[in-house]
Amino acid sequence: MTRHGKNCTAGAVYTYHEKKKDTAASGYGTQSIRLGKDAIKDFDCCCLSLQPCQDPVMTPDGFLYEKQAILEYILHHKTETAKRMKAYEKQKQAQKSSSQLESKSEERERVERFKTKENSIVSKPINPFTSGQNPGGEKSQTHAAESSSSAPVASSSQSLPCFWVPSLTPQSKPTLLKKPSRTVLCPMSGRPIKMNELITVRFTALDPSLDRVALLTRQDRYVCAVTRDVLGNSVPCTVLRPSGAVVTQECVEKLIKKDMLDPLSGDKLSDRDLIPLQRGGTGFAASGVDLRAKEARPVMMFIVLVQPHPSEVRDGAGYDVVAVVQQLRECQKAILTVEHMEGRALIHVMEG
C-alpha cells in the first residue's frame, strides 16, 4: 500500500478503511472500543458500587456485591414494583368502570331504538283500495330517493377527521400500563435473585495485622485460604458455599476435589457448593473476559456491487442493481438511496 493508499477513493473496491471513515463521519454505525485494565473492576469489588467490598456477599451465579448495596437494590425494586402495581390496579379499575358505563349506554340506546320503532307502527288499518291512489306518491318517492342519495355523503363527511371540529378531533389515549413483575432480577446476570440465596464471602487477608484502610491501599490484598497464593484478576477463584472461603481454582482441582470436603469447616461438598467467582479482566485478550464495549446505534451499510450479473437490467457500470434491491427488500431491509458514483453502485441500507 502506498503512502496515501488510505485516502485513495478511485479504487474499484470500497475498502474497510473507507467504510470505517464514512461511518464515523455520518453518525451511524455501532461504535466499539477496547477497554484497558483501568476500566475493569477488581475481583473483590462490588458489581454495583464498583468499590472494594467491606461485607461481601455473592449470588449463586458468582457475582460479588456489597451486602448493603444489594439489599438497597432489592428493597428499591420492591418499592417501585409496589407503586407500579398500584397504578396498574387503578388503571384496571378505571377500565372496568368505563366498560360498565359503555354497557349501560348501549343498553339505553337499544331501548331508545325499540321505543322509536314501536312509535312508528301504524295503528289505523290501511285501505287497500285507496293506498295505491295516493296523489302525493311521486313526491314521496322522489323525497326518499333524495334522502337515500344524501345519506352516504353525510355519513362520509361525519367519519372524516377534522381538526377544527371538537367532536371530530383525534384523541391521544393514555398509554396502557403492563402488569409489573414482582420478581427481582440480578443486575448482572438478569436471573431471579432472593435475599436468602445470597452467600456470605470471607476473604483471607494477606496481612491480618493491617487495618482496612491500609489493606485497600495495597495491590495484593487477599490470598487463598488453603495455599496462601495471592489472589487477583488473573487468578481464577472459587467460593466454597459452607464456609464462604475463597480459594484458587487450582486448589480445587488438585486438593479439594479428591475428598470433596471443606478444608475449613469440614463439611461435605458437592458440585453445587463450588461456585466460580466472576472476576474482572486483566487487559489481555486471553483472560477470558470480554474487554470490548459497544454503543449500539442505527447502522448505515454501504453495499458495493462489483460482480457483473447476466441480466438485461444493468446500470452504467454493468451491475444488476434491481435484482439486489429486490433481494434486500425481501429481507425486510430499509433502503434509503441507490447512488452511482465513480463507476460503482452504492446501496444505502438502514439497519436498527
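**Labels and their cut-offs**

Tutor: V239 has V246, in strand 8, as its bridge partner. Before we go on: this is a predicted model, where local features need pLDDT of at least 70 and side-chain atom pairs count only at pLDDT 80 or more, while totals for chains, interfaces and linings use all residues. Residues are numbered from 1 along each chain as its sequence is written, and side-chain values use heavy atoms, with hydrogens and water left out.

Student: What makes strand 7 and strand 8 a pair?
Tutor: Strands are DSSP runs of E with at least two residues, helices are runs of H or I with at least four, and both are numbered from the N terminus. Two strands pair if DSSP finds at least two bridges between them. Strand 7 (residues 237–240) is joined to strand 8 by three bridges, so they pair, and they run antiparallel.

Student: Which strands are at the edges of the sheet?
Tutor: The open sheet has three strands in the order 8-7-9, with antiparallel pairing. Strand 8 (246–248) and strand 9 (274–276) are the edge strands, as each pairs on one side only.

Student: Why is the pair of F43 and F203 called edge-to-face?
Tutor: Rings of Phe, Tyr and Trp (its six-membered ring) pair if their centres lie within 6.5 Å; planes under 30 degrees apart count as stacked, over 60 as edge-to-face and the rest as tilted. F43 and F203 are 5.9 Å apart centre to centre, with 75° between the planes, so they pair and the label is edge-to-face.

Student: How do you know that F43 is buried or exposed?
Tutor: Buried means under 20% relative accessible area, exposed over 50%, and partly exposed in between, with a 1.4 Å probe and protein chains only. F43 has 6%, so F43 is buried. F203, at 17%, counts as buried too.

Student: What does the pair tie together?
Tutor: F43 sits in the loop between strand 1 (31–34) and strand 2 (56–58), and F203 in the loop between strand 4 (199–200) and strand 5 (204–205), so the pair ties together parts 160 residues apart in sequence.
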